[in-house]
Amino acid sequence: EPLHLAAGAGSGKTSVLVERFVRAVSEDGISPGRILAITFTERAAAELKERVRERLKELGERSPRLESSARDTEAAFVSTFHGFCARLLRGHPLAVGLDPEFEILDEGLAGRMRERAFKHALADFLASEREEAVDLLAAYGPDRTRALVGGVYAELRSRGMRTPVLPDPGLGAQGNADDLDGAGACALLGELLAGFGEAYEALKGERGAVDFDDLELLARELLEEHESVRVAWSERFELLMVDEFQDTNPRQLAILTALERGNLFTVGDELQSIYGFRHADVTLFRARRAELSERDQSLELARNFRSRAPLLDVVNTVFAERFGTGYTPLLAGREGGGAQGREDIREGAGE
């Protein structure tokens, strides 16, 4: 069954993930290769895989099967969203029009290519010397215009639009002068946005390359438009686990929705959502928590095992005032604070 866990700061979230993974193997008999665990960074993925391996080795001292499972953790799908999407697309590149040897651009190179793309688009935009186009650039300036177009492009892509376009304001000849001027400016910016997108796609196409956004967009497209692929990958996994769920975006949620079959375990803390500037949407976390709470499939960890009670009292006082009823006070996990005993967390993982 699906489960959502809101894990407060210092509550042993990683240990819960490890124990959830291990119990799926040891108690439910699930092979490590049939578990997909999504983490936010490669470092976190490596840590999770290593801790799972060590825990299974520990249990394997009493069970040959678990000792074998510890070795099998190398086959487990433990990675970032981008890592999983790349693996998915490597298996079906032609279905989404990719070169089988496609290159994945690092963010530095992708950023430089976007700069080149904007210069090409801007040159084409001004080539006809239309008065309204020149006036728009004069009003905003090249740098501000580039930031505006780039920001809208990234925002629309995070929402799942592979080729971003601005909607038609739909005013026609209606509206006052200010409205018509605004609609005209939006139309011009939309034209520049489309030109930028086309130029960026062309530059990537010359290299047979994709950026990190493309990985998620194309993976979602593959799963949504090719039912046989979606079913095969969905049935491949008995358990889906996602860490830092508060920092997911709509296209990532679409991928999870395509894969899950009542077997999605999500973990996160809305108060630790820090990637809004990368278009993460914390409302996705809140919506899932609200939905599963109605079915008693949402739990909360509020015991903090890193800090002493007096410090937590101060933290609770400050944040309770700031967040009001949306804040759950952190409780000292054990006498004296400090590091959490693993047995305590293992007990919590089974609740």
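**Exercise 1. Work out the strand order of the open sheet and find its edges.**

Step 1: Six strands line up as E3-E2-E6-E7-E1-E8, with parallel pairing. Strands here are DSSP E runs of at least two residues, helices are H or I runs of at least four, and both are numbered from the N terminus. Two strands pair if DSSP finds at least two bridges between them.

Step 2: The edges are strand E3 (77-80) and strand E8 (298-301), as each pairs on one side only.

Step 3: From one strand to the next, the twist averages 15 degrees. Axes are lines fitted to C-alpha atoms (for helices, over the stretch in contact), and angles run from 0 to 180 degrees between N-to-C directions.

A word on the model: it's predicted, so local features need pLDDT of at least 70, side-chain atom pairs count only at pLDDT 80 or more, and totals for chains, interfaces and linings use all residues. Residues are numbered from 1 along each chain as its sequence is written, and side-chain values use heavy atoms, leaving out hydrogens and water.

**Exercise 2. Describe the surroundings of threonine 39.**

Step 1: Look in strand E2 (residues 35-39), where threonine 39 is found.

Step 2: Check accessibility: threonine 39 has a relative accessible area of 4%, so it's buried (under 20%; exposed is over 50%, partly exposed in between; 1.4 Å probe, protein chains only).

Step 3: List contacts (heavy atoms within 4.5 Å). Beyond neighbours within four places in sequence, threonine 39 touches Ala44, Ala45, Leu48, Ser79, Thr80, Phe81 and Asp243.

Step 4: Its side chain reaches the backbone nitrogen of alanine 45 at 3.3 Å.

Note on methods. A polar contact is a pair of N or O atoms within 3.5 Å; within protein, one must be able to donate a hydrogen and the other to accept it, and residues adjacent in sequence count only if both atoms are side-chain atoms.
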